[in-house]
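Student: I have a new structure open here. Can you walk me through it?
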Amino acid sequence: MSSVAVVQTPKDENSKKIDELKKDLFEKAENIVYKTFPATITRLQELQKSELWQLRNYDEIVAKLPPLESSESNGKMNGISADGDTIKSPPAKRGRSSSAVESNKNPVVSYSAAVPSNSHVLKVAQLLKPILREFIDNCTVIKVWISLLVPKMEDGNNFGVSIQAEVVKEVTYYEDDANKFYDELIEHFTNRAKLCSKIIKYPNIEDYRNAIREMDERQFGYLTRFVTAQILHSHALVHDLISKNYEKIKRPRGANSSSLTMY
């Protein structure tokens, strides 16, 4: 008797590929929850104890802005370059009106130097950004993983399904928080750049310089205290939430389900 060869249809092949994709995704999601998250929590705790995160001295935190210089001779405008050299503008052209001549006798304050970035804030941002990006990506994987575990809709015995939906909702909340922090990191440098342009345009207004110092101190404290703590808590809470409800997430209609509460 000759054996009949079984021919796989394109549908069977596609189903196999989808099953492999799901399997890889499930393994990745569980690895994120039980390995990646604990490692990131440890990393954030180490950052909180680091010398950079422990800075509290105002003078050490704020950026050192180059000083202003004034000149009374011939209306020359002097400034300090980024490397510390004095920059002198060409002598002012001879004016035709008496008012122009009179104005040249008054001291002129100028700001020709480059306004430096705050190295402490920049370093903290560079360390936090990859952690935020990774957390956002990992939340997406976790949500897809749970969504693929949702069974088909049936009447009754849907408590486990409601737990799955609630976990996805919570993970989305923490993901949105991380997205907000990430956007704020970028917006800070944009807002600071606007203030720096004001310093160059209006060098006589000391409050613009004070505003940059205050912005540096506020942003440093915001990142090292609040944002770092929130990211750490988000990792811990998502890990805890999934760990406590793991069985219901994996088997929402399991026969041994008797819990009437989510936690």
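Student: How do the axes of helix α4 and helix α6 cross, and at what angle?
Tutor: This is a predicted model. In it, the axes of α4 (residues 119-149) and α6 (residues 206-244) come within 11 Å. They cross at roughly 25°. That makes α4 roughly parallel to α6, because angles under 35 degrees count as roughly parallel.

Student: And is the crossing of α4 and α6 left-handed or right-handed?
Tutor: The crossing is left-handed.

Student: Which residues make the contact?
Tutor: From α4, they include Val124, Leu128, Ile131, Phe135 and Trp145. From α6, Phe220, Leu223, Val227, Ile231 and Ile242 are among them.

Student: What classes of residue does the contact of α4 with α6 have?
Tutor: There are 15 nonpolar, six polar and one charged residues in it.

Student: New topic. Where does Leu65 lie?
Tutor: Leu65 lies in the loop between α2 (58-61) and β1 (69-71).

Student: Is Leu65 buried or exposed?
Tutor: Leu65 is buried: its relative accessible area is 12%, and buried means under 20%. The C-alpha atoms of Leu65 and Ile212 are separated by 9.3 Å. Along the chain, those two residues are 147 residues apart.

Student: Zooming out, how many helices and strands does the chain have?
Tutor: It has seven helices and four strands. From the N terminus on, the order is α-α-β-β-β-α-β-α-α-α-α.

Student: How much of the chain counts as buried?
Tutor: Of its 263 residues, 33% do. The chain exposes about 16,400 Å². Carbon and sulfur atoms supply 53% of that area.

Notes. Residues are numbered from 1 along each chain as its sequence is written. This is a predicted model: local features need pLDDT of at least 70, side-chain atom pairs count only at pLDDT 80 or more; totals for chains, interfaces and linings use all residues. Side-chain values use heavy atoms; hydrogens and water are left out. Helices (H or I, at least four residues) and strands (E, at least two) are DSSP runs, numbered from the N terminus. Buried means under 20% relative accessible area, exposed over 50%, partly exposed in between (1.4 Å probe, protein chains only). Axes are lines fitted to C-alpha atoms, for helices over the stretch in contact, and angles run from 0 to 180 degrees between N-to-C directions. Angles under 35 degrees count as roughly parallel, over 145 as roughly antiparallel, 65 to 115 as roughly perpendicular and the rest as oblique. A crossing is left-handed if the near helix is turned anticlockwise from the far one by less than a right angle, and right-handed if clockwise. Contact means heavy atoms within 4.5 Å. Ala, Val, Leu, Ile, Met, Phe, Trp, Tyr, Cys and Pro count as nonpolar, Asp, Glu, Lys and Arg as charged, and the others, Gly among them, as polar. Accessible areas come from the Shrake-Rupley method with a 1.4 Å probe; for residues, only the protein chains shown count as cover.
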